[in-house]
Every structure is written in C-alpha cells, then in structure tokens.
Amino acid sequence: MSKSEKFSEAVLVLRLRPAQTEAEEVEPEPWKGTVHLDGPMVPHPSFLREDDSSKNHAPSNRTTGITKEEYRAQWKDKRAELYQEIRALKKTRELGSPEILAVDVAWPPVDMIQRNGRTDDDLEVALEKYYVGAQHYLIPGEETPISMIERYGADWGLNARGIYYRHIYSPAYVTPCHNLWLPSLHGTHWSHISEDGRRARAEKFLKHSLDNERFKKSEYAWEADAWQDVFGLLREDPALAVDKHEYNTIKQNRSYVSCLLEGQPKFVRRIPDATFGLATFKPADYPDYPDSMDVWSLDRDRLESLLLHRQCGLISDPHWGDVDLVFPFAVYEAKGWSGDPREARRQACSAGAVYLDMLDNLARKPGASPASERPYQTAQSCNNQVFALTSFGAHWHVLVGYKRQRLENEYAGHEGLSKSVYVFQRIWSGRVVTKRKAWELLSLVDQIHSWGVTEHRDFVIQHLKAWHAFGKLCYANDFQYLEGQLSSDPFKEHREEHGEPRILVPVASLQLAAWVKNLTTDARDKLRDKAVFHFGEARRRDADANKDDRSIEWRCIQGDCSPAKRPGFPLKGNEEFLTHCRRVHGCSDKVIANLRHAFNELKDLDERPNEPNMRQMKRSNCGEPGPSTKRHKSRHSTAQGESDLGKGKARAIDLTDD
Ligand SMILES: [Zn+2]
C-alpha cells in the first residue's frame with residue numbers, strides 16, 4: 001500500500017467527535033449521603049454537596065515536616081486521647097450513638113492465578129474496583145492512618161503533581177473552553193461487512209489473549225502480543241514513531257506523610273512500555289518524500305536547532321537531546337498478572353502528563369521563558385490531549401487526558417501542589433476474553449491512530465511554524481552580531497589564512513538552552529558541538545534570506561535575555577518589544593508609557609534626516625560588559641571581541657529607569 005493510500009484510509013475511519021447532548025450527560029441522582037469528598041468515582045460535579053467537606057479540612061501542619069515514625073507516634077497518641085474521651089463520656093452517660101460520617105472501602109488486589117471459582121464477570125468487576133485506587137483525592141493536611149497512606153500514598157502523590165484519575169467519564173469534567181476529541185463505538189456495528197478486516201484482527205488478538213491466560217504467561221508475552229495485535233498498524237505508519245522510549249522530566253519528591261511535593265526538583269528518567277509520537281525526517285536525504293507528509297516542519301535538523309538554541313529550547317522529543325520520536329499523543333503500560341494494574345495507571349498517567357506539558361509548551365508563543373509566561377498562539381491552541389492505555393493481562397483501560405490550571409476547590413496556590421492539573425478520564429475498559437471486546441478495543445485504537453496522524457499531527461505542524469520562524473530570527477540575530485564582530489576584527493585575515501574550514505560562532509551561541517543544565521558534562525559537550533554545527537547550517541541555509549532581512553528591530557539585553565550580555569534577545573517591531581518588556585520583565589505601565597514616548601521621539605528623528613540620528617539610546621545599566629574573549633575548546637569556534645550593541649541593524653534601549 002502506498003503512503004497516500006494509507007492516509008486516505010486513515011481519514012475514512014476517522015469519526016468526528018459526537019456533539020455533546022444533554023442525554024449523554026450522566027444524570028445526577030439526588031444525593032443521599034452526608035459527607036462527600038471528590039474522588040475518581042464521583043460521576044458528575046453536581047454530586048458534590050455545596051458544603052463540600054474540603055472546607056472543613058483546613059490544611060493542618062500536623063502532617064508536614066515530620067517523619068513517618070514521628071507521625072505514627074503522633075497518630076497513636078491521638079487515638080489514645082480519643083478513646084479516653086469516649087470512655088469519659090460513657091462514664092457520665094453522655095455518649096450518644098456515634099454517627100458514621102464517611103467510609104473508605106479498600107478493594108483488595110485481584111489474584112488472577114487463584115480464581116477460587118470466581119466467574120469472568122466477578123473478576124472483571126473486582127479488577128475495575130481495584131484499579132480505581134484511593135476513594136477520594138488528596139486533601140492537604142488531612143490526618144489519615146499510616147495504613148491508608150501506605151495504600152493510597154502513591155495516588156495522592158499524583159494528585160499533588162496534578163494528576164487526577166476519573167473512573168467515570170463526564171463532559172462536565174472538561175473545561176468549557178477545551179475541545180476534547182473522543183473515539184467512539186457509536187455508529188459502527190461490529191458485525192457490519194465493513195468491519196470484516198478489523199474482526200479478523202480481533203479474532204487473532206483474542207486467540208493470543210486466551211492463550212496467555214490459559215498458560216499463565218509472563219508480562220513479556222502479553223506485551224509482545226499487544227505490540228503485534230493492537231499496535232501493529234501504528235508501528236507500520238510512516239508518519240508515526242512508536243517505541244519503548246525514555247522520557248525525562250524534573251520532579252520533586254513526595255513527602256511520605258503529607259503526600260505533598262517537597263525538596264529540590266530532580267532530573268528523572270522513565271521508560272514506558274510504549275510511546276506513540278510523530279516520526280521526524282531528514283528531507284535532504286530523501287528528496288522523494290511526498291509533500292503531503294509535510295516533512296519540512298518535522299525536519300530533524302531544524303527541530304534539533306530549535307532544541308539547542310538558548311533562546312528557543314523547544315523540547316520536541318521526551319528523551320531530552322533526541323529528535324526521533326516527537327510530541328507523543330499516547331502511552332501504553334502493560335502489567336502481567338504478577339504486576340499491579342494501579343501502578344500501570346499511575347505510570348501511564350505520569351508519562352501522559354509530561355507529554356501534555358510538551359504540547360502545552362509547543363502551543364504557546366515561542367521563547368525560552370516558562371510556558372506559563374507565554375500566551376497561546378491561537379484561541380484553539382489549548383486543545384491538546386493525550387491517551388493513556390494500560391493492560392493487566394487481558395484487562396485493558398483506555399484513558400483520555402488533558403491539562404488545565406488548578407482550580408480553587410483543588411487547593412490552588414497551596415504549598416506542595418502543582419499549578420497545573422492533568423485530568424485523565426476512563427473512556428473504555430474491559431477484559432478481552434470475547435471477540436466483541438477485542439473488536440471494541442481495536443476499533444478505539446484505530447480511531448486514536450487516525451486522530452494521531454491527522455488532527456494531532458496537524459496541530460503540531462501548525463504550531464511548529466511559529467517556532468521555526470522564531471528560531472530563524474534567533475539564529476539570524478546571532479549571525480548579524482557575528483558579522484558585526486568580524487568587520488571590526490583585526491585578526492580576521494589571520495583566521496582566514498588557516499587552511500581548514502572553520503565555523504565562527506559567537507561565544508553567546510555556545511550557551512545552550514536551559515534544560516541542558518540537567519545533563520552530564522559529557523552529554524553537554526556533545527550537544528555543544530551539535531549547536532556549533534547547527535549555527536553553521538542555519539547560516540548556510542538562511543544566508544541569502546538574511547541578507548536583506550531587517551526584521552530584527554530591537555535586541556533586549558535585560559536580565560536573562562542576554563546572560564552573556566549579548567547579542568541580546570531579537571524582537572520584531574516596537575509593539576513586540578513593548579509586549580516583551582511587560583510580560584518577560586514585568587515592566588510597569590509607566591515604564592511602557594515612557595518607552596512608547598521614546599519610540600515616537602525616535603520616529604520623529606528618523607523622519608528628519610538632517611538631525612543627528614539617535615540610533616542608540618542609553619546603554620543598559622545591567623552591567624557594562626567587558627571584553628568577552630572566552631575561547632571555547634571546540635576546534636570550530638573562535639574568540640569574539642568587544643562590539644557595541646548598536647551595531648548591526650537593531651537598537652538597544654534602557655528600560656530599567658522608572
Ligand atoms: Zn528581554
């Protein structure tokens with residue numbers, strides 16, 4: 001099958017998200033309980049009473065900053081105190097009949113080897129209950145018995161990181177402005193003739209599943225079959241990269257007692273059982289790629305140059321430093337019968353949250369500052385999502401996740417909690433022991449596949465455009481600076497006498513994007529060599545285009561915008577400069593007004609050519625830069641001398657004065 005045929009087939013099976021109708025919403029039943037805490041089983045927000053008990057649980061400090069042993073002792077004392085009180089009340093006959101306020105049900109793990117006469121249905125129900133984990137979400141400061149912390153600490157720790165699992169899907173749990181796409185089994189009948197192909201695949205998948213159960217196979221056997229039977233088509237798709245692929249992130253530890261985040265953030269590496277992302281290309285090596293693949297945006301070299309430049313630092317591959325599998329949209333975690341299905345859920349959701357952060361960063365205006373400081377590129381840019389799939393033997397779960405801000409009722413602003421929240425809702429689950437169930441799972445996975453190569457891939461490509469344009473500007477800024485240096489460099493000719501070709505790089509360009517600081521020195525050195533290569537490549541590629549390009553009008557040299565004091569942060573036009581000053585440097589309205597006034601004066605001067613042209617305004621007082629003659633060890637690079645910021649086409653301006 002040719003690539004184009006594959007794509008047209010993909011479009012055919014893509015179903016549009018069904019419009020949300022009133023009928024589909026879970027109809028909330030009148031609430032009969034007295035206390036209710038939000039948790040994975042709450043089917044609709046209206047089930048929570050107005051006087052939500054979260055308000056009664058004012059965060060206490062009895063759970064923070066103490067060790068497990070101290071907490072255990074404290075808990076024992078508290079219990080003894082309570083019993084004493086009860087005994088005293090009994091003595092004076094003041095003890096009425098106690099009222100039960102809340103019951104936490106702890107579902108036991110499901111042993112699939114010792115079935116003890118339980119039917120398939122019994123097992124399925126028991127496993128669904130166990131999969132849910134903690135009955136209610138983390139309440140900061142809540143004092144719970146150690147046994148509860150041991151059982152649910154991992155789930156509550158995820159809540160602190162912002163990861164919330166909901167066992168019952170409701171559109172009401174999706175932020176109104178967020179447009180979530182869901183695969184659906186509506187509108188297709190599994191016995192229809194058009195489903196022949198999928199039914200045949202389902203039959204094969206089922207046979208393997210049943211064999212694995214019968215012979216009590218290991219996790220490896222289950223996983224190997226999933227790769228073949230469930231993800232086979234995804235792996236064959238040339239637009240996708242599907243692999244066991246490491247992801248990196250920066251994480252804080254979870255406090256054992258409070259389950260809140262604490263301590264210094266640490267670099268973390270994890271490898272999910274399967275990651276589904278977009279394939280990258282080397283168009284130069286394969287000029288016959290069809291245009292429809294839009295390989296240019298997903299060009300490995302260009303993505304790597306965005307990854308490394310200090311002013312971009314766009315991480316496209318979850319394995320930092322790579323550009324092989326980019327912007328994942330799904331993750332899979334498998335557990336055999338000896339594993340824990342809850343752990344599979346937690347691992348898959350943790351990976352999913354990292355992928356959501358990557359997509360969120362991509363969807364915002366380009367720059368190296370934290371994503372939260374940059375606005376979305378368009379009104380639709382927040383509409384990204386990921387899927388998380390888990391299996392425990394033959395029992396599969398399909399979850400959909402999206403990211404949003406933490407809300408007030410989720411203790412927004414509380415210490416030890418993330419700012420963002422990642423909501424993962426179960427959209428399907430089942431034990432694949434019938435052909436119908438196998439078909440259902442394949443149908444959903446096929447739809448996710450189609451969505452991945454169409455909607456998701458388009459989303460990524462559209463949002464990469466701004467990054468590529470910005471990356472070009474950043475490199476052009478560095479070249480212009482370099483050229484300014486070379487034209488005033490008395491040793492230039494001496495350098496040209498050397499026989500071997502050299503790539504001249506400004507010292508500032510050797511400083512890599514911020515994420516690189518988490519890597520080892522060796523890895524950093526390798527990346528620095530790559531950065532030098534990309535500087536040369538970008539210069540060669542864009543030299544002609546840059547010749548007459550006067551788009552860089554300003555260079556910001558404040559604070560982090562120019563850590564090596566130059567060449568500064570490139571900005572197009574006055575408005576972009578003002579927005580940058582307000583957003584990145586927090587300039588007050590007064591400063592902005594002064595700048596605007598200065599711009600008008602400059603404009604007047606430009607329009608009166610007889611007067612001396614005030615190209616360069618006051619120098620920044622963020623420290624007079626001394627001659628920068630650092631010499632990088634790389635054989636490609638050379639030293640750079642001093643040069644005025646006003647050189648080149650851009651202008652420098654002081655914005656520290658009020
Ligand atoms: Zn700046």
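Tutor: Let's start with Asn-116, which sits in the loop between helix H2 (68-91) and helix H3 (120-132). By the way, helices (H or I, at least four residues) and strands (E, at least two) are DSSP runs, numbered from the N terminus. This is a predicted model, where local features need pLDDT of at least 70, side-chain atom pairs count only at pLDDT 80 or more, and totals for chains, interfaces and linings use all residues. Residues are numbered from 1 along each chain as its sequence is written.

Student: Is Asn-116 buried or exposed, and how do you know?
Tutor: You count the other C-beta atoms, placed from the backbone, within 10 Å of the residue's own: 20 or more is buried, 12 or fewer is exposed, and in between is partly exposed. Asn-116 has 6, so it is exposed.

Student: And what about Phe-327, buried or exposed?
Tutor: Phe-327 has 27 other C-beta atoms within 10 Å, so it counts as buried. It lies in strand S6, and its phi is also positive, near 40 degrees, though it isn't a glycine.

Student: How much of the protein is buried?
Tutor: Buried residues make up 36% of its 658 residues. The protein has 14 helices and 11 strands.

Student: In what order do the seven strands of the open sheet come?
Tutor: The order is S1-S9-S8-S7-S6-S5-S2, with mixed pairing. Two strands pair if DSSP finds at least two bridges between them.

Student: Which are called the edge strands, and why?
Tutor: They are S1 and strand S2 (240-243), as each pairs on one side only. From one strand to the next, the twist averages 25 degrees.

Student: How do you know that S7 and S8 pair?
Tutor: Seven bridges join them, and the two run antiparallel; two bridges would have been enough for a pair. Thr-390 stands opposite His-397 in S8. S7 and S8 make a hairpin with two residues between them, and in the turn Gly-393 has a positive phi of about 60 degrees.

Student: What joins S8 to strand S9?
Tutor: There are 11 bridges between S8 and S9 (residues 420-431), again antiparallel. Arg-404 has Val-421 as its bridge partner in S9, Trp-396 has Gly-430, and His-397 stands opposite Ser-429. Strand S1 (residues 163-166) meets S9 through four bridges, but those two run parallel. There, Arg-166 is opposite Gln-425.

Student: What makes you say strand S8 is mostly covered?
Tutor: Nine of the 11 residues in S8 (residues 395-405) are buried.

Student: How do you know that helix H6 has close to the expected length?
Tutor: The expected span is 1.5 Å times one less than the number of residues. H6 (residues 219-230) has 12 residues and reaches 16 Å from first C-alpha to last, close to the 16 Å expected.

Student: Which residues of H6 are buried?
Tutor: Trp-222, Asp-225, Ala-226, Asp-229 and Val-230. They cover an arc of only 110 degrees around the axis, so they are on the same side of H6. The arc is taken from the directions running from the helix axis to the C-beta atoms. These buried residues pack against several elements, including helix H5 (196-214), strand S6 (325-335) and helix H10 (435-487). Contact here means C-beta atoms, placed from the backbone, within 7 Å.

Student: What makes something a nonpolar core?
Tutor: It's a set of buried Ala, Val, Leu, Ile, Met, Phe, Trp, Tyr and Cys residues joined through C-beta atoms within 7 Å. The largest has 115 residues, and Phe-387, Ala-388 and Phe-424 touch the most other members. H10 gives the most to this core, with 21 residues.

Student: What is Phe-387 in contact with, leaving aside its neighbours within four places in sequence?
Tutor: Its contacts are Phe-329, Ala-330, Val-398, Leu-399, Val-400 and Ile-448. A second, separate core of 11 residues includes Ile-557, Phe-569, Cys-581 and Cys-587.

Terms used: Contact = placed C-beta atoms within 7 Å. Axes fitted to C-alpha atoms, helices over the stretch in contact; angles between N-to-C directions.
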